[in-house]
Amino acid sequence: MGANTSQVSDLSDNPSLKALVGTESISENDPFWNQLISFTFISPTSSGDSKLLEEAVIPLAKILIENNPRSGNFGALVRIFLGRTKELKISTECQDQLFIWQAHNALFMIRCLLKVFIREMSEEELHLQFSYQERAPGSCGETSSEDLLEELLSNLIHLIVEVPLLDITYGILFEAVTTLLVFFSYQLFHKDILRDGLIYQHIMKGRCLSLTSRLVKTLLYNFIRQEKCPPPSSHIFEPKAEGGLLYGLASGVASGLWSVFTLGGAGNKAGIEQEQNPLPLSNQSLLLLLVLANLTDGPEWPNPYRQAITCFRNTQDTSSLSAEHPHTFQINFNSLYTALCEQQRSDQATLLLYTLLHQNANMRTYMLSRTDMDNLVLPILEILYHVEDRNSHHVYMALIILLILTEDDAFNRSIHEVVLKNITWYTERTLTEISLGSLLILVVIRTIQFNMTRTRDKYLHTNCLAALANMSAQFRCLHQYAAQRIISLFALLSKKHNKVLEQATQSLRGRQGDNTALPDYAQDLNVIEEVIRMMLEIINSCLCNSLHHNPNLVYALLYKRELFEQFRTHPSFQDIMQNLDTVIGFFSLRLEQAGSDLSVERVQEVIIKGAQALPTDRLKKFPELKFKYVEEDQPEDFFIPYVWSLIFNSGVGLHWSPHGIELFSMDSG
């Protein structure tokens with residue numbers, strides 16, 4: 001990219017770049033191209049470095065947009081890249097670093113230019129930029145019959161699926177994945193969901209279609225492998241004692257052009273290291289996978305990438321592949337499960353887990369059969385526990401995952417058999433030993449209480465209560481603190497109910513003869529009573545199905561029995577209160593018979609013995625509490641804005657200047 005350039009600010013004065021964006025056509029056979037793409041650099045992976053680079057590239061790209069219809073130099077650059085990649089697989093096998101190096105540099109330049117092109121023009125105009133070629137004065141610039149745009153897209157996918165991931169190929173694979181994301185970034189500049197377009201057509205049903213399953217599988221394996229970026233010495237041409245052609249090219253042509261950027265690893269300043277992503281290829285591959293999975297279906301064809309994600313199978317599955325699923329493939333479920341457990345700190349990994357649990361029956365069955373579910377559930381609970389520090393979408397994903405898991409009765413039983421010790425991130429109380437089931441209850445209740453005092457989101461409430469309801473019939477040996485928190489939540493709801501009822505009464509008294517509109521206390525009361533009803537049903541479900549397994553809940557119920565008095569005659573709760581009255585009355589009588597001034601241990605002993613003696617037919621049977629997560633209320637493209645917000649905020653090399661971006665919110669889906 002030109003000699004004697006050491007700073008990004010010098011790019012606009014670089015002679016080689018001036019020639020590239022200028023008015024003069026440069027033949028593809030000109031030695032200029034070999035010089036242009038023979039520079040040493042490492043791609044930026046922090047948002048600050050990416051922003052510096054973009055600001056330097058924008059003015060050059062705008063000049064190229066103006067001159068390219070005459071010069072055709074952008075198309076020539078693309079063809080130079082395509083020429084290098086035809087031998088890329090062989091070059092990798094032969095460890096021919098020169099070929100890989102030049103192809104990487106060419107693609108990096110294409111990606112930087114494309115980011116600006118996409119911001120400045122429509123897809124149709126972009127397609128024209130690919131079609132312009134060198135022309136004589138007065139002749140037409142669109143002389144090519146080939147579709148260079150589709151050729152590039154197809155070539156990038158071939159590169160991703162065919163070139164093995166090694167230290168020397170890490171950079172070009174990263175660029176290939178990132179360039180595909182850049183192509184899809186038209187969505188960032190539209191408030192409405194894009195459902196069609198040239199790029200969409202090429203990816204969904206063009207030459208790329210046959211590579212669907214291989215692309216999805218490769219992106220998943222990139223996520224699974226979690227390969228760190230290799231140190232600079234493994235993918236940059238450094239001085240060698242013996243000199244030679246390789247060093248001569250690298251050192252003689254713009255050797256310091258991009259040295260201000262780092263891709264993680266050696267040579268970074270301490271202040272920058274925290275901002276960098278040590279796993280850029282893994283992160284980028286996951287983002288691209290989520291973009292592909294959430295593309296909308298066509299009018300006459302389903303999204304093949306979503307099909308591939310929903311039907312892939314375990315490598316240990318020896319049954320024949322079904323013809324019904326043309327895009328199916330096999331992958332190591334154990335490796336994928338391990339990666340999912342380890343990476344839940346990121347939104348995109350949580351969204352992938354949700355996608356697989358909800359849409360891939362094979363993966364869901366496998367996860368639910370694992371005996372180490374705590375490795376998966378604990379990171380999800382930690383997300384919810386730190387709800388104040390998480391965005392609302394990440395919290396919703398975590399809750400939906402719990403709701404899907406609690407649909408399975410075997411899961412609800414098994415989590416009470418897993419005993420955990422010293423949960424360091426739970427700071428409200430020291431938990432030296434607690435079951436996974438009791439910890440799940442504690443975290444979900446804490447989330448409900450946070451929501452009641454802060455966000456007041458009905459959707460979040462509904463999912464929390466649904467998960468508790470699904471688990472309630474299988475509550476086993478609840479930790480005393482979990483039992484206390486269940487009753488404490490009911491106490492909080494009761495207090496809130498009384499407060500709203502009092503406000504409504506006072507408002508009516510103070511407004512006699514006043515015809516102005518009243519606050520909608522009736523609606524507030526209705527919502528609170530729905531939640532109270534749900535909590536009573538959860539407690540009742542536990543008492544009816546596993547009372548003898550939960551003496552701590554009975555103890556907490558008796559200790560706060562006065563809370564339930566006001567709801568005994570309430571028309572909305574009379575039926576469900578019958579069982580609670582029966583249990584409270586039965587155990588209260590046994591405690592009276594046991595004497596006065598009973599110790600805690602003696603009370604628990606009376607409860608345990610009484611639980612064995614209480615006839616089950618004395619408790620009225622209610623329908624089983626079972627809630628299932630359904631997507632019917634969400635549009636097909638509900639997650640597209642979420643995915644693009646993740647890309648915009650965390651995608652390496654995908655920083656865009658806010659100017660011109662119509663980045664939509666989740667609500668716009």
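Predicted model: local features only at pLDDT ≥ 70, side-chain atom pairs only at ≥ 80, totals over all residues.
Q: How many helices and strands does the chain have?
A: Helices (H or I, at least four residues) and strands (E, at least two) are DSSP runs, numbered from the N terminus. The chain has 29 helices and 4 strands.

Q: What share of the chain counts as buried?
A: Buried means under 20% relative accessible area, exposed means over 50%, and partly exposed is in between (1.4 Å probe, protein chains only). Of the 669 residues, 56% count as buried.

Q: Which contacts join residues at least 24 apart in sequence, as a percentage?
A: Contact means heavy atoms within 4.5 Å. Take contacts between residues at least 6 apart in sequence: 76% of them join residues at least 24 apart.

Q: What span should helix H17 have?
A: The expected span of a helix is 1.5 Å times one less than its number of residues. H17 (residues 347-359) has 13 residues, so it should span 18 Å. Its end C-alpha atoms are 18 Å apart, which agrees.

Q: Where does H17 sit, given its buried residues?
A: Of its 13 residues, 11 are buried, so H17 is largely enclosed by the rest of the structure. Among the buried ones are Asp347, Gln348, Tyr354 and Leu357.

Q: What describes two packed helices?
A: The angle between their axes and the distance between the axes. Axes are lines fitted to C-alpha atoms, for helices over the stretch in contact, and angles run from 0 to 180 degrees between N-to-C directions.

Q: Is the crossing of H19 and H20 left-handed or right-handed?
A: A crossing is left-handed if the near helix is turned anticlockwise from the far one by less than a right angle, and right-handed if clockwise. H19 passes H20 in a left-handed crossing.

Q: Which residues meet between H19 and H20?
A: Val377, Ile380, Leu381, Ile383 and Leu384 in H19 meet residues of H20 including His394, Val395 and Ala398. For classes, Ala, Val, Leu, Ile, Met, Phe, Trp, Tyr, Cys and Pro count as nonpolar, Asp, Glu, Lys and Arg as charged, and the others, Gly among them, as polar. This contact of H19 with H20 has 11 nonpolar, 1 polar and no charged residues.

Q: How do H22 and H23 cross?
A: The axes of H22 (residues 436-453) and H23 (residues 458-472) come within 10 Å and cross at roughly 155°. That makes H22 roughly antiparallel to H23. The contact of H22 with H23 divides into 11 nonpolar, 4 polar and no charged residues.

Q: What classes of residue make the contact of H25 with H27?
A: H25 (residues 521-546) and H27 (residues 574-594) pack at about 45°, with axes 10 Å apart. The crossing is left-handed. Their contact has 8 nonpolar, 2 polar and 3 charged residues.

Q: Is Leu558 buried or exposed?
A: Leu558 lies in H26 (residues 551-559). Leu558 is buried, with a relative accessible area of 5%. Not counting residues up to four places away in sequence, Leu558 touches Ile584, Phe587, Ser588, Leu591 and Ile607.

Q: Is Asp597 buried or exposed?
A: Asp597 is exposed, at 80% relative accessible area. Asp597 is in the loop between H27 and H28 (600-613). Its phi is near 50°, a positive value in a residue other than glycine.

Conventions
Residues numbered from 1 in each chain as written. Heavy atoms only, no water. Parallel < 35°, antiparallel > 145°, perpendicular 65-115°, else oblique.
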